[in-house]
Amino acid sequence: MTGAERVERLRACGSEPFESAVPVRSFPSYRGQRNRPGLWWSTTVGRHAGYESWLERDHAMLLAFDPQVLGYSSQPRDGLRARRHAPDFSTRLADGSAVVIGCRPPGRIRAADAVAFEATTQGSELVGWEYRLVGESLAGTVRRLTGYRHPRPGPVARLVTRVG
């Protein structure tokens, strides 16, 4: 993306690379905050992906491990001023398709959220994207494996000693 902001009807945006979009907002943290925002390093995209909860962090991590995911962005700007809803992730898969992801545990979906998720589902279908509303994850196992994917500052030196 060039960094320029455009406002278009959704039908005209189906082929836009939202997986490269900048977030609609930042991910600040402060003392006493109820949610746990932060940045997750993604080897897949070679940059940080922001998250606003540990559930989002877990899904950012899972996206980085999915071999079908070529790219993704967090909180991509959607331009929908009336709703002010930004999905949690926009992804591009190896087959060229796009998946929009919302993260919310099933027991924490309020009526207003359900309306926004349904509008996102309809908008995604309109342009040929898939919308997934995801809850809990298999993150514990993946969290343990992620340390092996981080690019360290150079190759690990090995000392080999030959005897005799």
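Author: Before we start: a residue is buried if its relative accessible area is under 20%, exposed if over 50% and partly exposed in between (1.4 Å probe, protein chains only). This is a predicted model, in which local features need pLDDT of at least 70, side-chain atom pairs count only at pLDDT 80 or more, and totals for chains, interfaces and linings use all residues. Residues are numbered from 1 along each chain as its sequence is written, and side-chain values use heavy atoms, with hydrogens and water left out.

Reader: Is aspartate 113 buried or exposed?

Author: Find aspartate 113 in helix H2, residues 111-126; helices (H or I, at least four residues) and strands (E, at least two) are DSSP runs, numbered from the N terminus. Its relative accessible area is 12%, so aspartate 113 counts as buried.

Reader: Which residues does aspartate 113 touch, not counting those up to four places away in sequence?

Author: Contact means heavy atoms within 4.5 Å. With residues up to four places away left out, aspartate 113 in H2 touches two arginines, Arg104 and Arg108.

Reader: Which face of strand S1 holds Trp40, the covered or the uncovered one?

Author: Strand S1 spans residues 38-42, and its uncovered face has Leu39 and Trp41. Leaving aside neighbours within four places in sequence, tryptophan 40 is in contact with residues including Arg47, His48, Ala49, Tyr51, Tyr72 and Thr146. Along with Gly38 and Ser42, Trp40 is on the face that is covered.

Reader: Which residue takes a positive phi in the hairpin of S1 and S2?

Author: S1 and S2 pair in the antiparallel sense over five bridges, where pairing needs at least two bridges found by DSSP. Serine 42 stands opposite arginine 47 in S2. The hairpin has four residues between the strands, and the residue with a positive phi, near 70 degrees, is glycine 46.
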